[in-house]
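Visitor: Could you walk me through this model, one question at a time?
Guide: Gladly; here it is.

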Amino acid sequence: MWDAYQQVKANRGGPGVDGVSIEVFDKDLKNNLYKIWNRMSSGTYFPPAVKAVEIAKAHGGGTRMLGVPTVADRVAQTVVARRLEAKVEPVFHPDSYGYRPARSALDAVGVCRQRCWKYDWVIDMDIQKFFDSVDHALMLKAVEKHTDVSWIVLYVKRWLVAPLQLTDGTMQERDRGTPQGSAVSPVLANLFMHYAFDMWMAREHPGNPFERYADDVVVHCVTLGQAQRLVAEITARMGEVGLTVHPDKTKIVYCGNRDRRAAYEHTAFTFLGYTFRYRGARNERDQVTFTAFTPAISKDALKKISGTVRRWRLGRRTNLTLADIARRINPVVRGWMQYYGRFNRSALYPLLQRINAYLVRFLRNKFKRVRSFKKAKAGWQRITVQSPKAFAHWAWITTF
């Protein structure tokens, strides 16, 4: 219970339907944890409703409904999630990357990149409303297969049917799905897809590797015919387990010989915030330029990030110092660089240059002596030379 609480506190997060934040929960921590332990131990723990919050998708493009349990419920869920994860993690497929220890979205992007060079065709698969559609009976069957601890099964069953409190305050009963955002959902989602997709692919189509991050899936094929047949079979398989392959968003993409790309409708796809397509590349060793099918930050992700930068209104923050601005934006910008800069980081350069342009505008607005562009440019060059590590993105680019 204590380990679970520490994990919940580290993850932070807002209050649930009871309005109790982590800070409020901490004020009577001993009693609050004892109540959860006592009720879970006796089988009398009943989870409260889950608060529905609409958020932007993590890698750009659209929104999704996030379920926010109460702090106490997050602790209880984490207790079960940790126990269940220890049982199922060793049996999960190596090409499942979502919400797993020592695995990340960037690992999935990297493997996908390598396989796109070996296979000419890709199935970019979209499962429609996955977290809203999971079959409870099949989920519980999978949980029971991996644990003989009755209270784990009992509480998973109760969490699956816990009502969702919508933004207008109304309660929505649930007979399918698991709220995305709850502490136990990631391991449950992976367990469901382990049997619904991963093991089915390993059994029925061992020659077609894939990368799966939760419900985001890319499958590699040798020929167009093979890809077309596989889409039909996957669609049927998902139907068997109560899921729907989105007919409009699922597509077959050609990623083979660049000279033949004009003959096919789809020659690009987006996976985990990266768009894979033909683009110019350079062999740094031989300084040879060529065309390769590679990933770089997607337009949707770049648009989302650009909107965030605009909302900072850096040019008007004249009440702050340059050091104040650096402290505020460096953690965010560094995160963008670490994620979207892993592959083809030059695609980020225009954005980073725009941040520099806003900073120059800040200097011109704050200091009268550098109002002219010529003086501002000279001052900027002096600052970037004297303090090259002041801003995280100056490690890559200092022009504006």
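Guide: A word we will need first: two residues are in contact when heavy atoms lie within 4.5 Å. Please keep in mind that this is a predicted model.

Visitor: How many helices and strands does the protein chain have?
Guide: Happy to start there, as the later answers refer to these elements. The protein chain has 14 helices and 11 strands.

Visitor: What percentage of the residues in the protein chain is buried?
Guide: Buried here means under 20% relative accessible area. The protein chain has 400 residues, and the buried share of them is 46%.

Visitor: Is His-220 buried or exposed, and what is its relative accessible area?
Guide: His-220 sits in strand β7, residues 216–221. A residue under 20% counts as buried. His-220 is therefore buried, as its relative accessible area is 0%.

Visitor: How are the axes of helix α11 and helix α13 arranged, roughly parallel or roughly antiparallel?
Guide: Two packed helices are described by the angle between their axes and the distance between the axes. For α11 (residues 299–312) and α13 (residues 349–366), the axes come within 11 Å and cross at roughly 10°. Angles under 35 degrees count as roughly parallel, so α11 and α13 are roughly parallel.

Visitor: Which residues of α11 and α13 make the contact?
Guide: Both helices contribute side by side in the list, so let us take them in turn. From α11 come Leu-302, Ile-305, Ser-306, Val-309 and Arg-310.
Guide: Most residues other than glycine have a negative phi. Tyr-99 has a positive value, near 55°. Tyr-99 is partly exposed, with a relative accessible area of 37%, and is found in the loop between α4 (71–88) and α5 (105–116).

Visitor: Is Lys-129 buried or exposed?
Guide: Lys-129 lies in the loop between β3 (121–126) and α6 (130–133), and its phi is also positive, near 50°. The cut-off for exposed is over 50%. With a relative accessible area of 60%, Lys-129 is exposed.

Note on methods:
Residues numbered from 1 in each chain as written. Predicted model: local features only at pLDDT ≥ 70, side-chain atom pairs only at ≥ 80, totals over all residues. Heavy atoms only, no water. Helix = DSSP H or I, 4+ residues; strand = E, 2+ residues; numbered from the N terminus. Buried < 20%, exposed > 50% of the residue type's maximum accessible area, 1.4 Å probe, protein only. Axes fitted to C-alpha atoms, helices over the stretch in contact; angles between N-to-C directions. Parallel < 35°, antiparallel > 145°, perpendicular 65-115°, else oblique.
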